[in-house]
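Colleague: I would like to learn how to read charged contacts in a model. Can you take me through them?

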Amino acid sequence: MDVHHLTRADARRIAVRAQLLDLPRPTGLHEVARHLTVLQADPTAAVAPSADLVVWSRLGAEHRRGDLEDAVAAGSLIELQGMLRPAEDIALFRAEMAVWPGTGDLIEWQRDARDWLETNDGCRRDILDKLYDEGPLPSSALPDTTVLPWESSGWNNDRNVRMLLGLLVRRGEVAAAGYEGRDRLWDLAERVYPDVPVVPLDKALRIRDERHLRSLGIARRAGQAGERAVVEGLRGTWRVDPSYLDDAFTGRTVLLSPLDRLVFDRKRMEDLFEFDYQLEMYKPAAKRRFGYWAMPILHGDRLVGKLDATADRRAGVLRVDAVHEDEPFGKRLAAEVREEIEDLADWLELELEISCG
């Protein structure tokens with residue numbers, strides 16, 4: 001099979017189109033979720049929850065705040081391993097759950113997780129019984145009857161129930177079942193996941209690779225999905241979805257969540273877009289260059305700046321502290337960015353307060 005030779009501009013346009021960030025816009029939440037395959041369920045809401053921002057970036061005002069929560073409550077979107085996924089996609093993961101922690105020769109962390117769960121099988125059964133009788137429940141309501149605590153480098157020490165729940169999710173026994181306030185609820189997977197035929201493991205992995213590449217357009221790791229490509233100025237080979245290789249591209253100006261899949265893989269972002277960006281929410285304020293939750297600004301096929309903004313719901317304002325321009329914005333681009341910020345404030349139902357020049 002021939003190798004496709006792409007310029008960086010070609011690769012960027014493929015990536016933008018694949019992420020539904022060009023024109024025309026998609027038409028509904030399920031179309032977006034189905035195509036992107038995942039929406040990261042991150043609770044940080046400096047502007048709005050990331051999953052909502054991702055959908056708003058594609059749909060604009062057609063996306064109503066609360067639609068995602070309604071979709072989860074209705075069961076059309078299901079959370080799995082921190083990602084909201086179309087309910088029908090769960091069938092692509094059930095075979096992998098059934099052979100947890102894996103097939104063939106296991107690596108050390110897989111053996112350790114298996115052995116720890118086996119040692120604490122009594123606690124596993126206690127949790128499943130509690131959920132059967134009373135679920136859905138937050139983790140704080142579940143019993144910690146572990147006989148061997150979870151040990152790590154420190155981050156997860158003394159968080160036995162949380163770690164055990166994570167393993168039970170991977171085994172397909174427990175599933176996230178929505179939220180009560182900010183607390184995630186858990187229930188038996190059989191009461192959350194749709195009752196549909198399980199896709200055999202080899203076929204499921206192939207389909208997942210194909211859909212992953214379809215959502216990204218171009219990626220370094222996508223199994224055998226798509227076709228091989230090289231990108232001018234970059235080392236190594238990529239996999240590209242050939243359906244994006246025509247020249248059709250109509251870009252627009254978009255504000256992105258810092259966790260948007262276009263920028264989530266920082267190495268890919270740097271390679272294709274040559275964009276200088278870091279999520280700085282974990283840095284001390286004095287060491288931040290762009291802001292706590294700075295939103296990348298996409299213009300056509302280029303990432304051109306960052307918006308430092310905060311939604312202050314108590315004051316009823318979307319406060320804009322800075323618009324960082326990687327290169328000076330012309331009048332047209334500045335006007336388009338301003339229009340996107342105004343649209344964001346309208347969507348959030350907040351007044352716009354701009355404290356920068």
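**Reading the salt bridges**

Modeller: This is a predicted model. A search of the whole structure finds 30 salt bridges.

Colleague: Which residue pairs with Arg-8, and where do the partners lie?

Modeller: Look at the atoms, then at the sequence positions. Arg-8 and Glu-274 meet through their side chains, 3.1 Å from N to O. Arg-8 sits in helix 1, while Glu-274 is in the loop between helix 11 (266-273) and strand 12 (295-299). The two are 266 residues apart, so the pair links distant parts of the chain. Arg-8 is partly exposed, because its relative accessibility is 21%.

Colleague: How many residues apart are Arg-289 and Asp-276?

Modeller: Their side chains form a salt bridge at 3.0 Å, N to O. Both lie in the loop between helix 11 and strand 12, so the bridge ties together parts 13 residues apart in sequence. Arg-289 is partly exposed at 43%, and Asp-276 is partly exposed at 40%.

Colleague: Is Glu-280 buried or exposed?

Modeller: Buried means under 20% relative accessible area. Glu-280 has 0%, so Glu-280 is buried. Its salt-bridge partner is Lys-283, with the closest N and O atoms 3.9 Å apart. Lys-283 is partly exposed at 30%.

Colleague: Which residues are linked in a network of salt bridges?

Modeller: Asp-121, Arg-124, Arg-125, Arg-171 and Glu-173.

Colleague: Which residues form the negative surface patch?

Modeller: Patch residues have no salt bridge. Here they are Glu-339, Asp-343, Asp-346 and Glu-351. Helix 12 (residues 331-348) gives the most, three residues. Asp-346 lies in helix 12. Asp-346 counts as exposed, because its relative accessibility is 55%.

Methods: Residues are numbered from 1 along each chain as its sequence is written. This is a predicted model: local features need pLDDT of at least 70, side-chain atom pairs count only at pLDDT 80 or more; totals for chains, interfaces and linings use all residues. Side-chain values use heavy atoms; hydrogens and water are left out. Patches are made of residues with over 30% relative accessible area and no salt bridge: like charges are joined within 9 Å, nonpolar side chains (Val, Leu, Ile, Met, Phe, Trp, Tyr) within 5 Å. Accessible areas come from the Shrake-Rupley method with a 1.4 Å probe; for residues, only the protein chains shown count as cover. A salt bridge is a side-chain nitrogen of Lys or Arg within 4 Å of a carboxyl oxygen of Asp or Glu. Lys and Arg count as positive and Asp and Glu as negative; His and the chain ends are not counted. The place of a charge is taken as NZ of Lys, CZ of Arg, CG of Asp or CD of Glu. Helices (H or I, at least four residues) and strands (E, at least two) are DSSP runs, numbered from the N terminus. Buried means under 20% relative accessible area, exposed over 50%, partly exposed in between (1.4 Å probe, protein chains only).
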